[in-house]
Every structure is written in C-alpha cells, then in structure tokens.
Amino acid sequence: MRLPNHLTPANQLAAKETDLSHPQTRSSPKSCLNCTPPPDQSPLSRQATVTMAQRDPQFNQKLLVDTTPMPDHIPKVEEIGTTSAFLASASFAIGARCQAFNDDYMKCKDEANGRGEFDCLKEGRKVTRCAASVIKDINTHCMQEFQAHVDCLENNNQTFFNCRRPEQKLNSCIFDKLGLKKEVPGTPENQVPVWQRPKQMYAEYPGRQF
Amino acid sequence: MGVPFEALLPYGIILGMFGLSGYGISFVKGFANDGKKARWNRDLWDRQMMERDLRLTGSERGQSSNPTAPKGFDVSNPWKVEKRIF
C-alpha cells in the first residue's frame, strides 16, 4: 500500500519527536494530591489531579442516590441535558467558543489541591453556561447536520473516523452560521489535519468518504 | 441414482437450528440497543456516559440534544457504594 507523503511512519515519528522534545511537555511532574504543579505549565501538558472519582468502583453492591439539593447560598445553574453522542459531535465547537472558560476551570482545579469540586463552582457554572449556549446555537442553526452526524456516530460506536462526510457538513455549517472553527491543539502545521483527509486509515469503508 | 430425502433431513435441522439461534441473538441485541449497532470496546468514560444517557432519556442508547436537563437530573447521580474490606 502506497501512503501519501504526510502519512509515512517516518514523518509521523518525526512529528511525535518534535512534540516530545517540547520543553513544556518533557518536564511533566508527577501529579499528586498535596502539592501544586509549577505555575508555568501550559494546559496541554498538564496532568489531571488523581482523585477517588477517577477510580472504577470495585465490587460495588448498591447505589446511593442523594436527593439533597444544593444549598441556597450557591447560585443555581441549569445542568446540560445533552447526551453522549450529541456532546461528542459538538465537542470541537464547544472547545472553540469556551476554551478560555474551560482552561480557567481546569487551572482552578489544579491549583485547588484536590478541593476543586468546592472551590471552583463559580468557574464550573461558567463552563456549563457556555457549553449550553453552544448547544442551543447548533440546535437552532444546524439541527439537520447535527442529527445526521449523531446518527452516524451512534451506528459506528461513536468513532469519528467512520463519519467524516456528515462531520464535514456539520463543520462547514457551524463555521458559516456560528463562526466556530474546528481546531485540535498540537496538530502538526505542515499536514492536512486528520479530519479533513477524505480517506481514513482505520475506517470500515477504506475508500474516500467525501 | 438419487439421494434419498432422509439423508438431507439432518442438514435441514442443522441449518434451521443455527438460523434460529442467529436470528434470536440478533433480535435480542437489536432490541437491547434500540435498533442501533451495539457499542463495543467501551471504557469507563463510555460506560458512565451511557449511564448518564439512561438518566436523561430513559434508555442507554437514547439520544437527545436538549441543552437543559429535565427537572431532578442534578440530584439523580448515584454514588456507587463499596463495602469496607478492612
């Protein structure tokens, strides 16, 4: 099989090498509960704080539903009711509009020494409101493309590389109507980004998708 | 000289049994996944997102693009309780 120039393993390795040799990526410290990460870290190389919530429950016997509402002195925010495939489909638009809020929230959690769930509620409300605004806008302006992409995702185990054709339509609609452009941070600049290549390496259909 | 039809009966039974079980399995799988293709290779994130979909839509494969959650969703998140071992 002949690969296009930008897909050769040597080039990919070279891209990885350049990424790894980036000074901020190399000096990633061990994440811990009771220490603060160095302040000059970029959001890309940051490691998440290890908490109990990130552990899979072992041998859990029952569920405990605590229906106590939030206390009144905490301002209310409406939770997002969008389900998994719609969220995955809208994720890059959310990232494009809400990057500042999201980075702010993650920075707050990193600097909260494991108390981020309590100390970063204000930043968290901003994240929720911003994401809800993006979902609302896509619903009003690009509902058909949104639904088509989600239908494709749902029939392909929610993998993006099988659904590039509806994704292209959704991306162009979102860019035209909302002005949000899909970008993946850290993508090598001299290559066609993977979501714009018509042939996808591991897709079920090996030919051109669009 | 033709083959007597009794010689073909076992093949008919084999075909029928495999066909029945195959149809049954695909029917049950489709019923459990709301007529969509089944998910595979799910990790912790996928599993908890499917539980969240169940809380939002009433079905693990149900989807909704509603930006605001229905009433009571914010307090319906269950804790998975483990027994103390030591």
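Reader: Which residue in β1(B) is the bridge partner of A:K62?

Author: In this predicted model, A:K62 has B:V81 as its bridge partner in β1(B).

Reader: What makes β1 of chain A and β1(B) a pair of strands?

Author: Two strands pair if there are at least two bridges between them. Here four bridges join β1 of chain A, residues 62–65, to β1(B), so the two count as paired. They run antiparallel.

Reader: Thanks! How many residues does each chain bring to the contact?

Author: Chain B brings 30 residues and chain A brings 32. On the side of chain B that touches chain A, the elements giving two or more residues are α2 (44–57) and β1 (78–81). The most comes from α2(B), with seven residues. By class, that side of chain B has 13 nonpolar, eight polar and nine charged residues.

Reader: Which residues of α5(A) are called buried, and what makes them so?

Author: They are A:E123, A:V127, A:A131, A:A132, A:V134, A:I135 and A:I138. A residue is called buried because 20 or more other C-beta atoms lie within 10 Å of its own. Their cover includes α3 (84–110), α6 (143–154) and α7 (164–177) of chain A.

Reader: What does UniProt list for residues 12–32 of chain B?

Author: An unreviewed UniProt entry lists them as "transmembrane region". In the model this span is 100% helix and 0% strand, with its end C-alpha atoms 30 Å apart.

Conventions
Residues are numbered from 1 along each chain as its sequence is written. Chains are lettered from A and ligands numbered from 1 in the order in which they are written. This is a predicted model: local features need pLDDT of at least 70, side-chain atom pairs count only at pLDDT 80 or more; totals for chains, interfaces and linings use all residues. UniProt positions are given in the numbering used here, feature names are shortened, and annotations may be inferred rather than shown by experiment. Two residues are in contact if their C-beta atoms, placed from the backbone, lie within 7 Å. Ala, Val, Leu, Ile, Met, Phe, Trp, Tyr, Cys and Pro count as nonpolar, Asp, Glu, Lys and Arg as charged, and the others, Gly among them, as polar. A residue is buried if 20 or more other C-beta atoms lie within 10 Å of its own, exposed if 12 or fewer, and partly exposed in between; C-beta atoms are placed from the backbone.
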